[in-house]
Amino acid sequence: MATKLPAMMMMALVVLASVVPGRSLRFELQSASTKCISEDIKMDAMAVGKYSVINPSDSGPLPEAYRVTVRVTSPYGNNIHFGDNVDSGNFAFTSVEAGDYLACFWTPDHRPPVTVTVDFDWRTGVAAKDWPSVAKKGQIDVMELELKKLYDTVTSIHDEMFYLREREEQMQDMNRATNSRMAWFSFLSLAVCLSVAGLQLWHLKTFFERKKLL
């Protein structure tokens, strides 16, 4: 039984890590185009990201037309990271606002147009931690490190569930407020329509009486 414990823990880590926030992708950008990537991050969560432009040539420096401009902003539009005309970079922050954070990439206008390929890695929560540094600083062995990863992953998932529940309650409150406003708007529209119809009938009756047709 003891020999199976580490394997079971590793399987649990693999399953839990699949739901830990993190995103690694490669995308293409045409000249003079923009691509934005959003990440829903809860309050007081750690986030790290790095990006690099793939050099189309195996030898030689990256051409100027393949450089990009990068900006990372918070849900309220506060600037977190900005890189102008760069080929690579990284950022790290602890969120002070809950919501969708944006990472936007721009490419310069170039004739003839070129296609820029970007590698982007964005990780939050437990996935953003530098575990080798944690192990080195704490002088802990592999087993203790895996247990700490497991504990932090479970804690992160627990906090994420509460965060999602809060977001769901906020959306429900917004839906209820919107439905209430729509109901009042419908009643107001009906009242206006009835008032206009009444005024039209009164005007027609007055017109016909004046012409002595009634």
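Arg26 is exposed, with a relative accessible area of 55%. Here exposed means over 50% relative accessible area, buried means under 20%, and partly exposed lies in between, using a 1.4 Å probe and protein chains only. Arg26 pairs with Asp119 in a salt bridge, at 2.6 Å from N to O. The model is a predicted one: local features need pLDDT of at least 70, side-chain atom pairs count only at pLDDT 80 or more, and totals for chains, interfaces and linings use all residues. Residues are numbered from 1 along each chain as its sequence is written, and side-chain values use heavy atoms, with hydrogens and water left out.

**Overall layout**

- The protein chain holds 3 helices and 8 strands. Both are DSSP runs numbered from the N terminus: helices are H or I with at least four residues, strands are E with at least two.
- Starting at the N terminus, the order of elements is α-β-β-β-β-β-β-β-β-α-α.
- The protein chain has 214 residues, and 28% of them count as buried.
- Its accessible surface is about 14600 Å², and 60% of that belongs to carbon and sulfur atoms. Such areas come from the Shrake-Rupley method with a 1.4 Å probe; for residues, only the protein chains shown count as cover.
- Take the contacts between residues at least 6 apart in sequence: 73% join residues at least 24 apart. A contact means heavy atoms within 4.5 Å.

**Salt bridges**

- Side chains of opposite charge can pair when their charged atoms come close.
- There are 6 salt bridges in the structure. Each needs a side-chain nitrogen of Lys or Arg within 4 Å of a carboxyl oxygen of Asp or Glu.
- The side chains of Arg26 and Asp119 form one of them. Arg26 lies in strand 1 and Asp119 in strand 8, so this pair ties together parts 93 residues apart in sequence.
- Asp119 is partly exposed, at 23% relative accessible area.
- Arg167 bridges to Asp40, with the closest N and O atoms 3.2 Å apart. Helix 3 (residues 142-210) carries Arg167 and strand 2 carries Asp40, so the pair ties together parts 127 residues apart in sequence.
- Arg167 is partly exposed at 26% relative accessibility. Asp40 is also partly exposed, with a value of 31%.
- Arg176 and Asp173 meet through their side chains at 2.3 Å, N to O. They sit 3 residues apart in helix 3, separated by about one helical turn.
- Asp173 is partly exposed, at 42% relative accessibility.

**The nonpolar core**

- In soluble globular proteins, nonpolar side chains tend to be buried together.
- The largest nonpolar core has 25 residues. Such a core is a set of buried Ala, Val, Leu, Ile, Met, Phe, Trp, Tyr and Cys residues joined through side-chain atoms within 4.5 Å.
- Tyr51, Phe93, Phe105, Val116, Phe120 and Trp122 have the most contacts inside this core.
- Strands that each supply at least two residues include strand 1 (22-30), strand 4 (68-73) and strand 7 (99-106).
- Strand 8 gives the most to this core, with 4 residues.

**Aromatic rings**

- The whole structure contains 8 aromatic pairs. Rings of Phe, Tyr and Trp (its six-membered ring) pair if their centres lie within 6.5 Å; planes under 30 degrees apart are stacked, over 60 edge-to-face, and the rest tilted.
- Phe27 and Phe105 pair edge-to-face, 5.2 Å centre to centre with 65° between the planes. Phe27 is in strand 1 and Phe105 in strand 7, so the pair ties together parts 78 residues apart in sequence.
- Both Phe27 and Phe105 are buried.
- Phe91 and Trp122 have ring centres 5.9 Å apart and planes at 85°, so this pair is edge-to-face. Phe91 lies in strand 6 and Trp122 in strand 8, so the pair ties together parts 31 residues apart in sequence.
- Both Phe91 and Trp122 are buried.
- Ring pairs link a cluster of Phe27, Tyr51, Phe91, Phe93, Tyr101, Phe105, Phe120 and Trp122.

**Charges over rings**

- The charged end of Lys35 sits over the ring of Phe27, 5.7 Å from its centre. This requires NZ of Lys or CZ of Arg within 6 Å of the ring centre and within 35 degrees of the ring normal.
- The charged end of Arg165 sits over the Phe162 ring, 5.2 Å from its centre.

**A buried threonine**

- Thr73 is in strand 4. At 15% relative accessibility, Thr73 counts as buried.
- Leaving out residues up to four places away in sequence, Thr73 touches Asn78, Asn79, Ile80, Tyr101 and Leu102.
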